[in-house]
Amino acid sequence: MKILLVTSEALPYCKSGGLGDFIFSYSKALKRNNQDVSVILPYYNTIKYKYPETNSEIYDKFFFDMGTHNQGCTVYHHNLHGVDYYFTCMDRFERDGLYGYGDDNERFACFMMAVNTFITRHNDYDVVHCNDWQSAVLPLLLKYNPRQEIKTVLTIHNPAYQGWAKREDLYNYFRLDLGYYDSGYCRLGDSFNFLKTGIMASKKVNTVSKTHADELMYDHDGFGKIGAIIDYCKHNDFVGIVNGLDVDLWDPKTDKLLAKNYSVYDYKEGKEENKKAILKKLGIPYDFNGPMISAITRLSDQKGVDRLMSIFSSLSSYDAKFIVIGTGEKEDEFLYRSLPYKEVYFVKRYDENLAHLLYAASDFFLMPSYFEPCGTSQMISMRYGTVPIVSSVGGLYDTVKDMCMNKEATGYVFNNSDPGAFLSCFKSAMDFYKSKDPLMDTVIRNGMLGDYSWDKSCKEYLNLYSSITW
């Protein structure tokens with residue numbers, strides 16, 4: 001099949017969350033499975049300046065109707081790991097960041113219109129696979145494509161972000177009939193909703209874990225009632241497919257960013273050397289005998305930052321250190337609350353090199369999210385011999401086997417609906433670590449030997465594409 005992945009971000013070029021990882025890893029998996037795969041995304045300033053090789057080949061130039069004016073677009077082409085990347089270069093994306101601007105709705109409407117024009121001019125794709133609200137209106141636009149019907153799939157990576165716009169924007173941005181709004185097809189509440197439009201127009205819809213699919217389907221009140229739309233309108237065309245992990249990139253045996261590589265057979269020595277290395281790098285004295293605990297996260301309500309802060313006062317009693325890497329709307333509060341505790345070290349940035357080292361150095365990894373469609377950090381931590389402590393939601397529940405499974409366990413899973421469960425679970429994990437029970441070695445080895453590759457998930461996506469009939 002000839003597959004086009006439409007996205008607002010993709011590693012290595014740009015990333016703000018799991019979507020960037022998904023596109024990079026999944027596209028490589030498709031290539032390994034002998035599929036003809038391409039990726040198309042906006043040409044942000046960060047790509048232009050950090051990856052100048054991406055604009056060495058002009059693939060296409062065109063204009064399209066964008067509201068009050070004709071919009072010009074240059075499409076650059078670059079091949080990476082056998083995957084064709086196309087970058088839509090327009091003035092609206094010549095900014096420092098990816099998102100967070102007051103005109104984001106219009107910016108990504110412009111992107112979708114550019115992609116629609118690109119597909120019309122090069123209309124030989126079998127599947128157009130859209131991702132999140134930034135490309136969700138495209139399946140409706142493709143219904144007017146002059147060629148035969150194109151199979152369309154929409155993957156919801158984070159339902160909290162949906163793209164809310166005004167009724168008239170349906171015409172102003174996309175030149176679509178306002179009847180789509182008046183009939184309710186594109187309307188959610190009193191707004192034109194990009195994500196709902198994609199759910200209604202796509203042939204198939206999925207999210208990135210089986211548990212999160214159930215959570216969405218049967219929660220008719222959360223996320224602006226988007227779950228009710230899925231349940232009533234796409235019940236039989238909605239599935240959950242757990243994300244895989246790029247096991248070439250994330251492998252403690254070969255990771256070049258580690259101070260010492262290691263395997264399941266010598267992980268104790270390897271993790272110790274990496275612990276020494278990161279402590280030295282961050283200027284932290286190695287004056288503790290307890291565990292090193294870590295979190296690499298966006299500091300937001302969704303990620304359970306309040307839960308992370310709740311362990312501060314317990315760290316000294318376990319002679320533990322807690323290192324956190326991340327940014328987000330709660331970063332200042334987190335920093336302020338951590339100041340009285342010498343056991344807490346906060347790196348207020350995302351640092352890919354440091355992240356690799358921290359996964360390898362840590363004994364425990366905390367991921368107490370209130371909701372988590374899939375998540376990859378828990379899989380990385382297990383692969384690196386770091387025991388995850390996670391909430392019982394979405395992909396966390398699907399990928400981590402709780403300690404109650406004894407010799408099959410890979411980590412700790414606490415009850416997300418119980419307000420005191422996280423702190424209780426954390427203290428149990430610390431006590432278990434202190435006891436030096438040999439079961440801990442079994443848990444670590446189970447995690448390191450788990451299969452987190454994209455192979456199974458890739459086959460599920462290919463089956464999803466094949467299941468689309470006219």
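Which residue just after H1 takes a positive phi? That residue is asparagine 34, with a phi of about 65°. Before we walk on from there, a word on what you are looking at. This is a predicted model, in which local features need pLDDT of at least 70 and side-chain atom pairs count only at pLDDT 80 or more, while totals for chains, interfaces and linings use all residues. Residues are numbered from 1 along each chain as its sequence is written, and side-chain values use heavy atoms, with hydrogens and water left out.

Let us stay with H1 for a moment. Helices (H or I, at least four residues) and strands (E, at least two) are DSSP runs, numbered from the N terminus. H1 has 15 residues and spans 21 Å from its first C-alpha to its last, close to the 21 Å expected at 1.5 Å a residue; the expected span is 1.5 Å times one less than the number of residues. Twelve of the 15 residues of H1 are buried, where buried means under 20% relative accessible area, exposed over 50%, and partly exposed in between (1.4 Å probe, protein chains only). Among the buried ones are Phe22, Ile23, Phe24 and Tyr26, along with Asp21 and Lys28. The buried residues of H1 pack against S1, S2, strand S4 (69-80), S5, strand S6 (127-131) and helix H18 (455-466), with contact meaning heavy atoms within 4.5 Å.

Strand S1 (residues 2-6) pairs with S2 in the parallel sense over five bridges; two strands pair if DSSP finds at least two bridges between them. Within this pairing, leucine 5 stands opposite valine 39 of S2. Right-handed here means that, with the strands pointing away from the viewer, the path from the first strand over the helix to the second runs clockwise. S2 (residues 36-42) is mostly covered, with six of its seven residues buried. S2 also pairs in the parallel sense with strand S5 (residues 83-89), again over five bridges, and here serine 38 has aspartate 84 of S5 as its bridge partner.

Further along the chain, look for S14. All five residues of strand S14 (residues 321-325) are buried, so this strand is largely enclosed by the rest of the structure. In a regular strand the side chains alternate between the two faces of the sheet. Both faces of S14 are covered, with Lys321, Ile323 and Ile325 on one side and Phe322 and Val324 on the other. Strand S13 (residues 292-296) pairs with S14 in the parallel sense over five bridges, and serine 294 stands opposite isoleucine 323. Strand S15 (residues 344-347) also runs parallel to S14, joined by four bridges; phenylalanine 322 has valine 344 of S15 as its bridge partner. S14, helix H12 (residues 331-338) and S15 make a right-handed β-α-β unit.

Phe322 turns up again in the largest nonpolar core, as one of the residues with the most contacts inside it.

Finally, the charged pairs. A salt bridge is a side-chain nitrogen of Lys or Arg within 4 Å of a carboxyl oxygen of Asp or Glu, and the count comes to 30. In one of them, arginine 121 meets aspartate 60 at 2.8 Å, N to O. Arginine 121 is in helix H3 (residues 104-121) and aspartate 60 in strand S3 (residues 58-66), 61 residues apart. Arginine 121 is partly exposed at 45% relative accessibility, whereas aspartate 60 is buried at 8%. Aspartate 65 and arginine 175 form another salt bridge (3.2 Å, N to O). Aspartate 65 lies in S3 and arginine 175 in the loop between helix H5 (169-174) and helix H6 (179-182), so this pair ties together parts that are 110 residues apart in sequence. Elsewhere, Asp301, Lys330, Glu333 and Arg337 are linked in a network of salt bridges.

Note on methods
A nonpolar core is a set of buried Ala, Val, Leu, Ile, Met, Phe, Trp, Tyr and Cys residues joined through side-chain atoms within 4.5 Å.
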